[in-house]
Amino acid sequence: MSLLKQMRGSVLWRQRHQFSLRILFSAIVVASLALVSITSISAILSKSLVGASTTFLAGDRQLTSPRKIPENWLDKASSLGLEVAQSAEFSTMVSRKSQDGSATFQLVTVKAVGDRYPLKGELLKSDSVDDVAVSQLSGPEQGGLWMQARLHGLLGFQQADKITIGVKEFSYEGILNQEPDVGFQFSSFSPRLMIHMGDLAKTEVVQPGSRVKWQAYFVGSPSALLEYEAWVSPKLDSSQKWLGLREGRPAISDALDKAERYLLLGGSLAVLLAALAIAISSRQFAQEQTNYVAITKALGMRGDSLLQRYLKELVVLALLGVGIGWLFAAAAINAWLFLMRDALPSLESVSSVMPPFRSLSLSMVTALVFLVAFCLPQLAMLRRVAPMRVLRGAQQLPLARRGATLLTAGLGSAGLLYWYGGSWLTVGILMLGLLLIALVVVALHRLVLEVVQTIWVPKMEAGSALKLTLQRVTRQRSESLTQLTVFTVAIFLFAVLLLTRTGLIDEWKSQLPDNAPNHFLINISPNELESIESLLTELSIDSSALYPMARGRLTHINGMDVKVAVTKDVGALNRELNLSWAAQLPEDNVVLEGAWWPDAGRDAAGGVSIESELAGKLNVALGDNLLFNLGGREIAARVTSIRSVEWDSMRPNFYMLFPEGALDSFPATYITSFFLAKSDKDKLNAIAEQFPTVSVLELDDLVMKIKSIVAQVTSVIELLLVFVFISTLLVLMALVAASRKRRVQEALLFRTMGAKAALLHRIQFYEFGVLGLMSSVVALAAAEVAVYVLKSQLFGGAFLLNWQAWALLPVSTALLLALFGYLQTRRIPTVPPMNVLRSNLDAG
Amino acid sequence: MSIPKVSEKNSMPALSVKNVSKHVALDGRSLEILTGIGLEIKQGESVAIVGRSGSGKTTLLGLMAGLDTTSAGTIELMGHQLENLTEDERAELRAQYIGFVFQSFHLLPGLTAVENVMLPLELLKQEGAEEKAVELLNSLGLGEQLSHYPQQLSGGEQQRVALARAVIARPTILFADEPTGNLDSSTGAEIIDLLFEYNDRLNTTLVLVTHDEALANKCQRQVLIKDGKLVDRHSNSSESDNDEAVAEEVLEGSIS
Ligand SMILES: Nc1ncnc2c1ncn2[C@@H]1O[C@H](COP(=O)(O)OP(=O)(O)O)[C@@H](O)[C@H]1O
Ligand SMILES: [Mg+2]
């Protein structure tokens, strides 16, 4: 009861209808909502992304080796508390013997897995072609065998048939639908089957010197993994590899990195915007307290205790707002999870969440710091209110000095940003950057206002609404500048996020369009070209071009043996490279140095174009001479261009490209890629039957997984944008509210002077329109520059003027603001003009 | 629409108030503020409306200026019957005929003195607003303060600017609601002198609400409002018995 009484007696509660107070409260709620949801969602997301990535490894980490992994290495892992699983993969011939005694043979890739495989990710198996695939906890039993569906067709397999690998006969136990750790590897061309590790020796296929890929999988706590990595790394030779999340999965780790940075950036901006709204509305609110304070003081209250009272109540208000924001955030996150669950299977494990406690304390401190930092200078001014004011009628309380407000606000924000986990350097750069932007923005707007006032306005028809508007905008310069600067900064922050978002999502989408190739045909011989093309057409498969491919080794750079010339361990030198030729530059390649064939002039004939990363590793520059060995025959070429290549694009790509015809005398095969829906997968059998020597590479699961991750990241970014948009709106509202009183006064006065209601409406509408247009143009220009810097520093990518944004943003902002201002002030012209006689300017 | 200009014979009254009442709904009851007011003000006349605080002076002023509408009765302003006009038409009438001086000045804080004075001319779409405003302010001794903002002006200076704004469009009728209420007496006196100067020189009709006895006495006529009724009229030119009653009311009013 006493609490209720206290609440009723509170200064703030009594003013709960005050618009500025409502905005202040909403801004606190939104700041907390944004902060809590962004931190929580990014935590969920990165967990789920890490989860998705580890499924590609079938463990948290993976070790691959061409030789059996020493027992004591595995023991060491176990002793550190890590779970360990093993597999071995090799190519061999299998034979099927049917009951009538006939036999068929097929080259396959066999994976023998230990009991605990897979430690992460999904191993899917179904009992027959028509059955649903079911997730398995481990591979086949000893003596059992699973195989890919297309092997059925290739082998002419019947349910009761026996399959023999080496000297051991296996019984068929089902269809292998999905292995977690089959990546984008050109080595796994042939159809796959899976057996138990215990049967490996019994097949007698693996002999000393056989090519086998041994893999060990590890799962455990991050610290144990780190300790083990530190222990094992020095023992690895160049043929053995330690794989973490980022190794070998550029598409995923890239998306993950960018998403994390984007969320961080966006989250901070949303909070910053909400802080701006807090700043404006708290200042406004404090100013509105003048009369109350004057009366209270006249009645004998001391300035200090009054200030204390306000501070105490504001703290309560902040905590309340944060609490409500936290509840909203919990609801928002769970709604997001609910909506995303079907689309994003990797979220299945996360059923419902409570935002982490840390995010609550984070937003509490944030709200308090902002409130106090922005409010205090203005509140302190209240102490100066003379009780005499009661007797002397209204004059507004002077605003706190800009310097004081800027100082406390700056210190508060800097402290918070540091506390969020920045370094003083980044905080300094950010603050300086914002200050610089604000200064540039003020200078720009000042210039524009000056030009409008001296050049444009005098030429306009007297008394027109637009002229009256521009006159007031240019004359009330300091108010206009404040509004313009705040509008601009708010729109700028929003535009930065919008532009980077569009860039990021477009980039991902362009890499992985809906019909991104998810199957490759490899090993097509030149005489099969025509028939395979017609088969693909017959199956209505839309394939990419057929790329020729010759295999060869790079042996010399500028006449020097590569083993001498390149001291680093470059994988590309240890194996045969895929060499190709092309007349046109492939779609997503970009020439970074030198020129593509037609422009390379006379050099073209003996030229070669090299991929930029490999060029970097080999220290090869334009004009260097390379010597290749293709099956015993040599070809020399001079580097005429260096290209960048989108390896994530799922299209065939090559390190070395020769001019058309350069490799005509060498034996070559062709490669192509196409998109095939899950339901069309049996078309592969037709290809396999007709072209037994052509290999099919199935990457549809991998592509699906990557797409799901991209979809998750995209949805979070969209959610983030909604928060930022709400925050931006709040800022605009706060600012409009701050000028409301002045507008009412002005409108009333205009009315006594004979202005009609329509004119007043138009002035309001134009004014916000003009402010919106000016600020969004400047904001967008600034955003383009900032995005360029951000992109080149954080996200990578080239500068592209965003025409769509230019066409849409300024006009829509101007309209939105005009509408918004109009709605906010639409009742002003209908305020009874009598009020002007009664000095009652608040009504309406 | 446009208000047809009624031929401005000087004989036509500037304001003619007939049997006007005003009541407002308050807590479900009807509160009678003014009852049966009748009053005629000639062009060029100066009239003081006096009465104690809360008696309804401001309400009457607002009604005569068309800022509010009557509950009963008619008001004619320069021959136009206000009840028949829409809000916008009344606004247009104000633009043509009326100037205002307020107790609390009501200068726009973001505008300089000269910009404040220019406003009415700009709203009337007149050219040369700035030159006229500068000239007028110069004549009022504010030549040094042309580009000062209201916050930088003293109370008396602010009211002089407000006066300039009220008269720059040459209104036929000038309404002033306690124009000296926020000023000390000597500063107030300056403003009063200026008001009457315009009344004299330009034959502007002056309708003045005031507590100030001296000020009221300067007017050609005084009108007393008591509890929403016009209890008496008093003309300074023809002595009346009610002189003392008026003085008493005015005094009481200034204390309340
Ligand atoms: N809109 C309204 N609602 C209720 N009462 C009003 C309203 N307008 C004026 N009044 C009341 O009418 C009376 C006359 O007010 P006013 O004309 O301002 O008096 P004066 O100017 O003589 O001091 C006062 O008692 C005032 O409270
Ligand atoms: Mg009054």
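Trainee: How many of the 844 residues of chain A, as a percentage, count as buried?

Mentor: In this predicted model, 53% of the 844 residues of chain A count as buried. Chain A holds 26 helices and 22 strands, and among its contacts between residues at least 6 apart in sequence, 80% join residues at least 24 apart.

Trainee: What are the corresponding values for chain B, and how many helices and strands are there in it?

Mentor: Chain B has eight helices and ten strands. Buried residues make up 54% of its 256 residues, and 69% of the contacts in chain B between residues at least 6 apart in sequence join residues at least 24 apart.

Trainee: I would like to look at one residue in chain A. Is G769(A) buried or exposed?

Mentor: A residue is called buried when its relative accessible area is under 20%, and because G769(A) has a relative accessibility of 15%, it counts as buried. G769(A) belongs to helix α25 of chain A, which runs over residues 757-795. When residues up to four places away in sequence are left out, G769(A) touches A814(A) and A818(A).

Trainee: Let us turn to aromatic rings. How many aromatic pairs does a search of the whole structure find?

Mentor: The search finds ten aromatic pairs over all chains. One of them is formed by F218(A) and Y228(A), with 4.9 Å from centre to centre and 45° between the planes, and this pair is tilted. The pair links distant parts of the chain, with F218(A) in strand β10 (residues 212-219) and Y228(A) in helix α7 (residues 222-232) of chain A, ten residues apart. Both F218(A) and Y228(A) are buried, and together with W231(A) and W242(A) they form one aromatic cluster.

Trainee: At what angle do the axes of α3(B) and α4(B) cross?

Mentor: The axes of α3(B) and helix α4 of chain B (residues 129-139) come within 8 Å and cross at roughly 125°, and α3(B) and α4(B) are therefore oblique to each other. The crossing of α3(B) and α4(B) is right-handed. Among the residues of α3(B) that take part in this meeting are V114(B), M118(B) and L121(B), while those of α4(B) include A133(B), V134(B) and L137(B).

Trainee: Now the backbone. Which residues does a cis peptide bond join?

Mentor: A cis peptide bond joins Y117(A) and P118(A), with omega at about -5°. P118(A) has its place in the loop between β3 (103-113) and β4 (123-126) of chain A.

Trainee: What is the phi of S540(A), and what is that of M78(B)?

Mentor: Phi of S540(A) is near 45°, a positive value in a residue other than glycine, and M78(B), which is not a glycine either, has a positive phi of about 50°. S540(A) lies in the loop between α17 (529-538) and β13 (547-557) of chain A, whereas M78(B) is found in the loop between β4 (72-77) and β5 (80-81) of chain B. With a relative accessible area of 58%, S540(A) is exposed, while M78(B), at 0% relative accessibility, counts as buried.

Conventions:
Residues numbered from 1 in each chain as written. Chains lettered and ligands numbered in written order. Predicted model: local features only at pLDDT ≥ 70, side-chain atom pairs only at ≥ 80, totals over all residues. Heavy atoms only, no water. Phe/Tyr/Trp six-rings, centres within 6.5 Å; stacked < 30°, edge-to-face > 60°. Helix = DSSP H or I, 4+ residues; strand = E, 2+ residues; numbered from the N terminus. Buried < 20%, exposed > 50% of the residue type's maximum accessible area, 1.4 Å probe, protein only. Contact = heavy atoms within 4.5 Å. Axes fitted to C-alpha atoms, helices over the stretch in contact; angles between N-to-C directions. Parallel < 35°, antiparallel > 145°, perpendicular 65-115°, else oblique. Left-handed = near helix turned anticlockwise from the far one by under 90°.
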